[in-house]
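Please read this report with the sequence and the model side by side. It follows strands, helices and domain contacts in turn.

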Amino acid sequence: MAKKHDGVPSHIMELPRLIVIGNNNIGDVGKFLKSLDSPKKVSLVSGTHVKKLIQKKVEQSLSESGIKFVWHIASDNSVNAIKKFQTKIGKDSSHMIVGVGGGRSVDIAKMIAFNLKRPFVSIPTSASHDGIASPFVSIRGDKPHSVVASTPLGVLVDIAIIKKAPKRLLASGCGDLVANLIAVRDWELGRDKTGEYFGRYAANLASMSANIIMENSGIFAKKGLDVRVIVEALISAGVASCIAGSSRPCSGAEHLFSHALDKLAPGVGLHGEKCGIGSIMMAKLQGQDWKKFANTLRDVGAPTSAKEIGLDSKTLAKALTIAQDLRPERYTILKEIKMTPKKAIELAKSTRVL
Ligand SMILES: [Zn+2]
């Protein structure tokens, strides 16, 4: 993200221009898109289930605003599937690409918008990770970690829709948020050990998003998860990444652990669930209070053990052992520990993950 100019690398911060969080506001999508860029035609990328849920309101609103549209159903986020999908969407000759859905549809739309150099708008229908407002996407079969694409030009959140999504998704979002406290500590390590750029503002913003969950989890446990608070924290985390110019403030060793599991045991656990469990173990390695991480996750209803997500001890140990190698240039606490399967099992047992 940095361009050299007279020997000094420029730091580029690309931020979303308009973020709207409301209740029952999906019917305003036409007005929202119009205020962003007055598109004449948009490509809508969503999943079958989500489309059924919102189609009527979205189509009515777009028609009222005089915006033409083409629907696309996203299913597969592999590199090859995205390539084919991209060719199809390219033929729409639309002015904007809108991702409507949970993680996958938003990710696919974001990647394609970036490749086709068109503005991208994010309309999340669940809050399971911080990709809602960040420029990062996870693509299956490409790099083992997330890659940089377009920052959304706009983000439209309808809380009423997110409330209807399974609770497990929201709890997973909390796992992705507490991970920021591990990521920021790793970033500080990178700064101290390798002289890597460290952005204090981005780091503080990411930590703040995590602390909102850490500090309120007791209330969430009693009164239920506060959708608005979690969504706002996830958006702030995404913005922290935009400001950092990399996923650094929101992705450390716990994310490498999650990416290793994506590779070794695809389909086991949600992204935020794996990051949450990874955070408990990395907290111990970093000398942070791992019990606080575990208690917070338990309070919000997120898994704290391998068993809860159907992960066996052998795969867990392997994931911890290979995690750092997936992204050797990213300095994390795992650089300082020669992780072996034996040490991995000891770590998992000592933090009650196993
Ligand atoms: Zn994440």
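Strand β4 (residues 41–46) runs parallel to β6, and the two are joined over five bridges; strands here are DSSP runs of E with at least two residues, helices are runs of H or I with at least four, and both are numbered from the N terminus. Two strands count as paired if DSSP finds at least two bridges between them. The model is a predicted one, in which local features need pLDDT of at least 70 and side-chain atom pairs count only at pLDDT 80 or more, while totals for chains, interfaces and linings use all residues. Residue numbers start from 1 along each chain as its sequence is written.

On its other pairing, β4 joins β5 in the parallel sense over six bridges, and β6 (residues 96–101) joins β7 (residues 120–124), also in the parallel sense, over five bridges. The table lists residues that face each other across these pairs.

| Residue | Partner residue | Strand of the partner |
|---|---|---|
| K41 | K68 | β5 |
| I97 | F120 | β7 |
| G99 | S122 | β7 |

These pairs belong to an open sheet of six strands with parallel pairing, arranged in the order β3-β10-β7-β6-β4-β5. Its edges are formed by β3 (18–22) and β5 (68–73), each of which pairs on one side only. On average, and with direction ignored, neighbouring strands of this sheet are turned by 15° against each other, where axes are lines fitted to C-alpha atoms, for helices over the stretch in contact, and angles run from 0 to 180 degrees between N-to-C directions. Helix α8 (residues 227–244) packs on the sheet and touches β3 and β10 (154–158), with a direction that makes about 170° with that of β3; contact is taken to mean that the C-beta atoms of two residues, placed from the backbone, lie within 7 Å.

A residue is called buried if 20 or more other C-beta atoms lie within 10 Å of its own, exposed if 12 or fewer do, and partly exposed in between, with C-beta atoms placed from the backbone. M96, V98 and V100 point one way from β6, whereas I97, G99 and G101 point the other way, and all are buried. Strand β4 is mostly covered as well, with five of its six residues buried.

The domain assignment of the protein chain, with bounds that come from an automatic or database assignment, gives domain 1 (8–164) and domain 2 (167–350). Taken over C-alpha atoms, the centres of domain 1 and domain 2 are separated by 25 Å, and 29 residues of domain 1 are in contact with 28 residues of domain 2. On the side of domain 1 that touches domain 2, the elements giving two or more residues are β3, β10 and α5 (159–164), and α5 gives the most, with three residues.

C250 lies in the loop between α8 and α9 (253–264). This cysteine is buried, with 33 other C-beta atoms within 10 Å. Leaving aside neighbours within four places in sequence, the contacts of C250 include D130, A179, N180 and A237. C250 and V178 are 72 residues apart in sequence, yet 9.1 Å apart in space from C-alpha to C-alpha.

In helix α11 (residues 290–300), the buried residues are W290, F293, A294, T296, L297, D299 and V300. They pack against α6 (167–194), α7 (200–223) and α10 (271–286). Just after α11, G301 takes a positive phi of about 85°.
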